[in-house]
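Hi there,

Here is the structure I promised to pass on to you. Have a look at it first, and then read my notes below.

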Amino acid sequence: MSNIFLEVSKVGIDFPTPTGPFTALKDVDIRIDEGEFVSIIGHSGCGKSTVLNIIAGLYQATYGGVILEGKEVNEPGPDRAVVFQSHALMPWLSVYENVALGVEQVFKGQKTKAEIKEWVEHNLSLVKMDHAMQRMPHEISGGMKQRVGIARCLAMQPKVMLMDEPFGALDALTRASLQDSVMEIQKELNTTVILITHDVDEAVLMSDKIVMMSNGPAAKVGELLEIDLERPRERVALSKSDQFNYYRQQVLSFLYEKKGVVNFTAAKQESEKHQKENSEVTEVTEKAS
Amino acid sequence: MTVPADNTKPDPNFIGDLVSKLTSTISSIDMKDVIFPFVGIIVFLFIWSVASSRIDTSLGQFPGPAQVYEQSKSLVQEYKDEKVKEAAFYERQEKRNAKKLAKNPDATIKIRKYTGKETFLDQIITSLKTVLFGFLVASVIAIPLGIACGLSDAIYKAMNPLIQIFKPVSPLAWLPLITMVVSAVYVAEDPMFEKSFLNSGLTVALCCLWPTLINTAVGVANVDKDLINVSRVIQLPALTHVRKIILPASIPMIFTGLRLSLATGWMVLIAAEMLSQNPGLGKFVWDEFQNGSSNSLSRIMVAVIVIGLIGFALDRLILMAQKFVSWDKQAVLR
């Protein structure tokens, strides 16, 4: 138990609704090693962002729990920093100040003013944003904003970096360059990353492991796929690779053929049984009439 | 052939520069922004003068723009006359005291304050001071309380019934209560404020509270959830969270509340001054009405226009403050 870096154990969550509790997740089990890049993929509305929010501590799981380095996660904290889809930069703070906001709080009493400044600048240069430190968020493009969001997250030196569809709102070219940046940084710092995505190529390209979630309600982990591709990965070369396409096909097949259903063959038998029963019922009623 | 130099004429280049500068300034102003308001005012003045000539009251004909203009001049003149009188009074007093001292160096001299009648301009100053006092008192209470209501559902639920009940109460219902409470509680040897000033000011404050309180609460409650989540992840302490996240994010809504509050306060103040005979513009209006001379209606009309202009100016003032404080310099404020 103690040698697992991050464990999501039997996590379930109920949301209250006027018609009674709605079970969004049930029995979600994920194990992640240190330095691993894990993607969670699934159809929209399946609860993959909810899993991330529970790991972040922003939501409280109704059942089960999350254990990071042997300690249970109960509240949000900088050791599980989040990159939000909406970048969530404070519009009234400059690029530098947005990153410094977290750094000043997390390293309070540990770093001097000069060290804080240096650290903020270092992290902005990691995401290639050191040229725009004094700009305001409304003055920079969407891709640049997300770079700053990533820098803010990295600057807190999280044990796990949680990314909630960080490239979802970006155009394809910007997305590609940001994906490359994140892979580069992750390799350099050996950060553990959990990435929520609905983009199959993105998941295969970036991950060591893909967690495929079944459709909700009561969504759970459907299948796990280990991606055994060598790093650094280069998108153009990989697009011709059979192995890459095999992984891609695996994920696509889970998402579209099996419709995110956990056990495809079992589900098929189930539905056939239902059909059979239904036809028997109709036969009976026809006889009766 | 050479043209004789004419020294009295200015340098033609200079005139050319001036003209081009002027035309560029004028062309930079959108003429629609000048013409339409101007037309609006002209049409209003025309309708006013035609309508007023057909209305006969017991105090004579209803004043048209011309009579009102005349009275506004005479009100300014009265103020000037009063200033002259005041200066003369102090001069006489000084002379008298000097004489006294010359006769007997040990004589105790008294310096009396001039107590002439309050002119229109004095009343304006009094009203402005009162409304700003009430507005400040209300804002100091309403903004922190609004933030608390926006942050905590429990506090909001506790406050909401009180807000809903007291918000629609007319200021005039509060006035007698405030008057009695102030005269009972505020007993100082050397009072910093006049009691009448406190009465009007606190009435204004009670009515200024609600728009700021409600708008602040709504603004705070609607701060982007992602920004709040960022703050939670960073684990900002509560006070820093309010100062660095909540306040800047809800500045626009707070200012909307402040503007509504000040507008309400200004309206309330005039009514309170009329009813309680506290010095100010409201008292001026009431006194003129009681006076009932042939000029009274014109003088009241002057007050009406001045009240409107001041209300407008106060609103612009808050808008300027918002532009200064707000981080969002792009925002279109209207």
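**Where the two chains meet**

In this predicted model, 14 residues of chain B are in contact with 17 residues of chain A; two residues count as in contact if their C-beta atoms, placed from the backbone, lie within 7 Å. On chain B, α8 (225-234) and α9 (238-276) each supply at least two residues of the side that touches chain A. The most comes from α8(B), with seven residues. Sorted by class, that side of chain B has eight nonpolar, two polar and four charged residues. Here Ala, Val, Leu, Ile, Met, Phe, Trp, Tyr, Cys and Pro count as nonpolar, Asp, Glu, Lys and Arg as charged, and the others, Gly among them, as polar.

A word on conventions: residues are numbered from 1 along each chain as its sequence is written, while chains are lettered from A and ligands numbered from 1 in the order in which they are written. As the model is predicted, local features need pLDDT of at least 70, side-chain atom pairs count only at pLDDT 80 or more, and totals for chains, interfaces and linings use all residues. Helices (H or I, at least four residues) and strands (E, at least two) are DSSP runs, numbered from the N terminus.

**Strands in chain A**

Chain A has an open sheet of six strands with mixed pairing, in the order β6-β7-β8-β3-β9-β10; two strands pair if DSSP finds at least two bridges between them. At the edges are β6 (82-83) and β10 (221-226) of chain A, each pairing on one side only. The partner of β6(A) is β7 (residues 160-164) of chain A, joined in the parallel sense over two bridges, and Val82(A) has Leu162(A) as its bridge partner.

Another pairing in chain A joins β1 (residues 6-15) to β4 (residues 63-68), antiparallel and over five bridges. There, Val8(A) stands opposite Val66(A). β4(A) also pairs with β5 (residues 71-72) of chain A in the antiparallel sense, over two bridges, with Leu68(A) opposite Lys71(A). These two strands, β4(A) and β5(A), form a hairpin with two residues between them, and Glu69(A) in the turn has a positive phi of about 50 degrees.

**A helix in chain B**

Helix α10 (residues 281-291) of chain B has several buried residues, including Leu281(B), Phe284(B) and Val285(B); buried means that 20 or more other C-beta atoms lie within 10 Å of the residue's own, with C-beta atoms placed from the backbone. Their cover includes α4 (120-151), α9 and α11 (296-325) of chain B. After α10(B) comes Gly292(B), with a positive phi near 60 degrees.

Best wishes

Notes: Buried ≥ 20, exposed ≤ 12 C-beta atoms within 10 Å, placed from the backbone.
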